[in-house]
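Here is a short briefing to read alongside the model. Have the viewer open, and let's walk through it topic by topic.

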Amino acid sequence: MSSLLGGFLSNDSTFGRIMARIWVIVAANILFVLCTVPVVTAGPAFAALHFTIMKMLRGDLDINPFSTFWEGLKTNFKQAVLTWLVLLALAVMIRLEWFWCGQFGGVFQMFQIGLAAIAGAAVVIGLYMFPTMAAFKASLKEIMKDSLFFAFRKPLYLIVVLFFSIFPMFLTFMDVQMLPLYAFVWVTCGFSLVCLVTDTLLLREFEPYLPKVDEYGNIIEEQA
């Protein structure tokens, strides 16, 4: 009986692997939420969350989510902070321009179409840059170029990524009565689950350009 129970609870069992993933998802999500409190570190936290989830998805179930998240945070900190601050400044500028165009009215409202297009492009770039940054070590210029490449290589993937990244948040604020429950879900696992869905999809595109790994997430050394 004890051996049967031990096998059921072991990391190699189906139950053990599921629990290991749940642990990584919840721990990484809580770390992400804590790191977004200062606002300026939201970008690095987003990259670190993708870094942790991708490492888990590539087969490494024995990862320590705390040390892995910290590794992703530290590795991508400068690039992610710069990317985040640029996107944040752009969002503020678009919001102000949108307000003033609405105030002036008339022909100025036509500029709102252009602002909406810029905002949409910024959302796409932001959603792809952080996971690309987490997956590849490259300069910010190369990451930007790679992000656009992966974003528009398969438009259907882009639509799915946009849907799962935006719709859950939209749904959260549409139902005010359920907001406390939604807030609990977001704090405990919501952001990680969104990354889990999007990164599962994005890794299909990233895999050909990443080092090969075995079922345990260890890099396979290529024979000369």
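Residues 24 or more positions apart make up 69% of the chain's contacts with a separation of 6 or more, a contact being heavy atoms within 4.5 Å. This is a predicted model, where local features need pLDDT of at least 70, side-chain atom pairs count only at pLDDT 80 or more, and totals for chains, interfaces and linings use all residues. Residues are numbered from 1 along each chain as its sequence is written, and side-chain values use heavy atoms, with hydrogens and water left out.

**Overall make-up**
- The chain has nine helices and zero strands; helices (H or I, at least four residues) and strands (E, at least two) are DSSP runs numbered from the N terminus.
- Of its 224 residues, 37% are buried, meaning under 20% relative accessible area, while exposed means over 50% and partly exposed lies in between (1.4 Å probe, protein chains only).

**Helix H4**
- Pro-65, Thr-68, Phe-69, Gly-72 and Leu-73 are buried in helix H4 (residues 65-75).
- These residues lie on the same side of H4 because they cover an arc of only 135° around the axis, the arc being that of the directions from the helix axis to the C-beta atoms.
- That buried set packs against helix H2 (14-36), helix H3 (42-57) and helix H5 (77-104).
- Trp-70 and Lys-74 are exposed on the face of H4 turned away from its buried side.
- At the N-terminal end, Asn-64 caps H4, with a side-chain oxygen 2.9 Å from the backbone nitrogen of Phe-66.

**Leu-202**
- Leu-202 sits in helix H9 (residues 179-206) and is buried, at a relative accessible area of 3%.
- Beyond its neighbours within four places in sequence, Leu-202 contacts Tyr-128, Pro-131 and Val-161.
- Leu-202 and Tyr-128 are 74 residues apart along the chain, and their C-alpha atoms are 8.9 Å apart.

**The largest pocket**
- Its volume is about 890 Å³, taken as the space filled by probe spheres set on grid points joined across faces, edges and corners.
- On a 1 Å grid over the protein atoms alone, a pocket is an open set of points where a 1.4 Å probe fits, with protein on both sides within 12 Å along at least five of seven lines; lining residues have an atom within 4 Å of a point.
- The lining counts 32 residues, and Phe-46, Trp-84, Val-123, Gly-126 and Leu-127 lie nearest the centre.
- Helix H6 (111-135) is among the helices that each supply at least two lining residues, and H6 gives the most, with seven.

Notes
A polar contact is a pair of N or O atoms within 3.5 Å; within protein, one must be able to donate a hydrogen and the other to accept it, and residues adjacent in sequence count only if both atoms are side-chain atoms.
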